[in-house]
Amino acid sequence: MVKARKYVVKRYFEGVPKRDDFEIIEYELPPIQNGEILVKAEWVSVDPYLRAYNNFRFPVPYDQFSYQVGLVEDSKDPRFPVGTRVVSHKGWCDYSVMNANVSNSPAEIIYKLPDMKDFSNSLGIGAVGLPGATAYFGLLEICQPKAGETVVVTGAAGAVGSLVGQIAKIKGCRVIGFAGSDDKVNWLEKDLGFDKAFNYKTVDVQKVLKKAAPKGVDCYFDNVGGEISSIIIGQMNDFGRVAVCGSISSYNDDFAKLPKATILQIPLVMKQLKIEGFLAPRWRDRWSEAFSDLYKWIKSGDLKTREHVTEGFDKLYDAFIGMLNGENIGKALVKI
Ligand SMILES: NC(=O)C1=CN([C@@H]2O[C@H](COP(=O)(O)OP(=O)(O)OC[C@H]3O[C@@H](n4cnc5c(N)ncnc54)[C@H](OP(=O)(O)O)[C@@H]3O)[C@@H](O)[C@H]2O)C=CC1
Ligand SMILES: CCCCCCC/C=C/C=O
């Protein structure tokens with residue numbers, strides 16, 4: 001028998017999630033059956049959607065889901081022998097039993113971790129995982145940036161945003177990022193090669209953007225929503241494209257009480273903009289294509305990755321709240 005621990009969400013969050021909204025349960029896993037594997041979690045992800053999906057998606061109590069990378073320690077599925085590393089959506093647990101035959105839905109996904117060679121396996125929940133696929137398909141499929149165009153990204157120093165800006169540079173675009181601290185801004189400009197970056201907490205967004213993009217914005221990758229997005233959309237060029245990836249500025253709010261959308265119809269009509277929301281699992285059957293490009297760029301040095309690692313199963317809640325508060329530069333994750 002293997003003793004396992006998992007985080008259960010006991011109730012719906014109100015505002016910022018509280019420590020006692022979660023309970024850590026210890027329990028014994030049954031022996032694995034045919035088709036099952038026993039997996040020890042090594043890297044567990046903390047992401048904004050864990051907050052957003054709590055508002056409407058699952059009845060409570062539920063096991064806290066998220067992506068994780070784990071090592072197969074026992075196997076009755078010949079496709080996943082002992083020693084294989086898998087990416088799954090089993091979330092905040094240290095050991096779990098998985099069955100890859102159950103479903104391929106985003107919530108129950110299990111696949112072999114691509115071989116990371118000299119790089120950390122944690123990339124499987126970062127640049128070569130959901131955040132990588134999100135940046136890749138959101139930018140390339142929805143924004144469809146062309147060389148010479150101006151791309152703006154918010155949440156620019158985070159897991160998704162930092163990749164979006166760098167992919168846009170690889171594609172020959174001029175890139176402007178907004179992030180929440182001067183350290184983040186320095187990293188974006190000095191290490192990642194963004195053309196301009198700004199601390200949205202201390203600048204007048206309208207003014208600095210006008211100066212940084214005097215010819216207007218062609219593509220906007222929106223990670224945060226809210227007022228900053230209305231300002232950026234107001235400075236877009238004819239036939240501009242907006243990829244609405246997330247809206248973290250409102251995830252801690254009561255969705256039913258959010259203010260009605262700021263009037264965007266005038267720039268939408270007059271500039272003939274295209275605004276499209278998306279979820280990365282839409283391209284699940286093409287994720288390997290993204291992973292292969294992303295890995296190639298990481299290897300060549302064209303794409304830099306950074307992780308904000310918290311150590312310890314007991315620190316998952318703290319890592320999650322830290323990420324929501326903007327403590328992370330790059331991908332926030334927990335080493336188990
Ligand atoms: N559509 C999809 O398929 C997917 C969407 N997403 C979305 O992408 C976005 C980024 O996710 P991810 O890269 O994983 O997370 P990040 O690594 O970017 O971490 C979250 C960041 O959000 C920023 N933030 C927090 N509160 C606010 C606020 N009120 N206003 C502006 N920024 C804020 C903080 O940075 P700062 O210091 O800059 O404020 C924080 O570091 C999220 O909206 C997420 O929901 C993610 C994965 C898949
Ligand atoms: C419950 C399964 C969800 C997996 C996909 C999450 C995509 C993220 C969206 C917003 O942040």
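**Helix packing, an open sheet and a ligand shell**

Q: What makes H2 and H8 count as roughly perpendicular?
A: Helix H2 (residues 130-143) and helix H8 (residues 287-300) pack at an angle of about 95°, with their axes 9 Å apart. Angles of 65 to 115 degrees count as roughly perpendicular, under 35 as roughly parallel, over 145 as roughly antiparallel and the rest as oblique, so H2 is roughly perpendicular to H8. The axes are lines fitted to C-alpha atoms, for helices over the stretch in contact, and angles run from 0 to 180 degrees between N-to-C directions.

Q: How do you know how far to trust this model?
A: This is a predicted model, in which local features need pLDDT of at least 70 and side-chain atom pairs count only at pLDDT 80 or more, while totals for chains, interfaces and linings use all residues. Residues are numbered from 1 along each chain as its sequence is written, and chains are lettered from A and ligands numbered from 1 in the order in which they are written. The mean pLDDT (the predictor's confidence in each residue, from 0 to 100) of the protein chain is 96, and 99% of its residues reach 70 or more. For the complex, the predictor gives an ipTM of 0.99 and a pTM of 0.98.

Q: Which residues of H2 and H8 meet?
A: In H2 they are Gly132, Ala133, Tyr136 and Phe137, and in H8 they are Trp287, Ala290, Phe291, Asp293 and Leu294. Contact requires C-beta atoms, placed from the backbone, within 7 Å. The residues of this contact divide into 7 nonpolar, 1 polar and 1 charged; Ala, Val, Leu, Ile, Met, Phe, Trp, Tyr, Cys and Pro count as nonpolar, Asp, Glu, Lys and Arg as charged, and the others, Gly among them, as polar.

Q: What makes E11 and E14 edge strands?
A: Strand E11 (196-199) and strand E14 (274-277) each pair on one side only. The open sheet of 6 strands runs E11-E10-E9-E12-E13-E14, with parallel pairing.

Q: How do you know that E10 pairs with E11?
A: Pairing takes at least two bridges found by DSSP, and 4 bridges join strand E10 (residues 174-179) to E11. Isoleucine 176 stands opposite lysine 196 in E11.

Q: Which residues come nearest to ligand 1?
A: Of the 32 residues around ligand 1, they are Gly158, Val160, Gly180, Gly246 and Gly326. A residue is near a molecule if its C-beta atom, placed from the backbone, lies within 6 Å of it. The shell divides into 18 nonpolar, 12 polar and 2 charged residues.

How values were computed. Helices (H or I, at least four residues) and strands (E, at least two) are DSSP runs, numbered from the N terminus. Two residues are in contact if their C-beta atoms, placed from the backbone, lie within 7 Å.
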